[in-house]
Amino acid sequence: MTRDRSSLARAREAAAPPTPGEALDAALDEYRPECRDVDLFTADVATKADRAAIALVCAGCPVFAECSDYAEAEKPRAGFWAGRFRGGRP
Ligand code: SF4
């Protein structure tokens, strides 16, 4: 049996689980989260009340798990991801 390397590579890629980024992209293709176009999610400063409001929005988000997995894997240096500030000090 002979198979070229590219077909083996393609078969491995097809069988591999999606990366956190791919999973988040796929989820975002299906759902537009409430954080889109809301500046508060990318603010450098947020009050305690702001953070509580963000946490509430994220708690009800259908892509929370994918967002959280992505943030844990990629460690973004700014903004709120899955209800948590991931940058410096808000
Ligand atoms: S969980 Fe992620 S995608 Fe959903 S609203 Fe929060 S920051 Fe946005």
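Colleague: By class, how many nonpolar, polar and charged residues does the shell around the ligand have?

Modeller: In this predicted model, the shell around the ligand has ten nonpolar residues, no polar residues and no charged residues.

Colleague: Which residues surround the ligand?

Modeller: The ligand is surrounded by Pro33, Cys35, Phe41, Cys58, Cys61, Val63, Phe64, Cys67, Phe80 and Ala82.

Colleague: And what kind of space is taken by the ligand?

Modeller: The ligand takes up the space of the largest pocket.

Colleague: Let me pick one from that shell, then. Where is the place of Cys61?

Modeller: Cys61 has its place in the loop between α3 and α4, and it is one of the residues that surround the ligand.

Colleague: Does it count as buried or exposed, that Cys61?

Modeller: Cys61 counts as buried, because its relative accessibility is 19% and the cut-off for buried is under 20%.

Colleague: What does Cys61 touch, not counting residues up to four places away in sequence?

Modeller: With those neighbours set aside, Cys61 touches Tyr31 and Pro33, and Pro33 is also among the residues around the ligand.

Colleague: Where is the place of Arg32, and is Arg32 buried or exposed?

Modeller: Arg32 is in the loop between α2 and α3, and with a relative accessibility of 52% it counts as exposed.

Colleague: Changing topic to the helices: which residues of α2 are buried?

Modeller: Helix α2 runs over residues 20–30, and its buried residues are Gly21, Leu24 and Ala27. These three cover an arc of only 125 degrees around the axis, which means that they lie on the same side of α2.

Colleague: What does the face of α2 turned away from its buried side carry?

Modeller: That face carries Asp29 and Glu30, both of them exposed residues.

Colleague: What covers the buried residues of α2?

Modeller: The cover over the buried residues of α2 includes α4, at residues 64–74, and β1, at residues 80–81.

Colleague: Which residue follows α4, and what is its phi?

Modeller: Lys75 follows α4 and has a positive phi, near 50 degrees, although Lys75 is not a glycine. Lys75 lies in the loop between α4 and β1, and at 57% relative accessibility it counts as exposed.

Colleague: What about the phi of Asp37?

Modeller: The phi of Asp37 is near 65 degrees, which is likewise a positive value in a residue other than glycine. Asp37 is in the loop between α2 and α3, and its relative accessibility of 67% makes it count as exposed.

Colleague: Now Arg86: where is it found, and is it buried or exposed?

Modeller: Arg86 is found in the segment after β2, which covers residues 84–85, and it is buried, with a relative accessible area of 13%.

Colleague: Leaving aside neighbours within four places in sequence, what is Arg86 in contact with?

Modeller: Arg86 is in contact with Ser68, Ala71, Glu72, Pro76, Arg77, Ala78, Gly79 and Trp81.

Colleague: Last one: where is Thr19 found, and how far is it from Ala73 in sequence and in space?

Modeller: Thr19 is found in the loop between α1, at residues 5–15, and α2, and it is partly exposed, with a relative accessible area of 40%. Thr19 and Ala73 are 54 residues apart in sequence, and the C-alpha to C-alpha distance in space is 9.2 Å.

Key:
Residues numbered from 1 in each chain as written. Predicted model: local features only at pLDDT ≥ 70, side-chain atom pairs only at ≥ 80, totals over all residues. Heavy atoms only, no water. Buried < 20%, exposed > 50% of the residue type's maximum accessible area, 1.4 Å probe, protein only. Helix = DSSP H or I, 4+ residues; strand = E, 2+ residues; numbered from the N terminus. Arc of directions from axis to C-beta. Contact = heavy atoms within 4.5 Å. Near = heavy atom within 4 Å. 1 Å grid on protein atoms, 1.4 Å probe; cavity = no way out; pocket = protein on both sides within 12 Å on 5 of 7 lines; lining within 4 Å. Sits in = over half its atoms within 2 Å of the grid points. Nonpolar A, V, L, I, M, F, W, Y, C, P; charged D, E, K, R; others polar.
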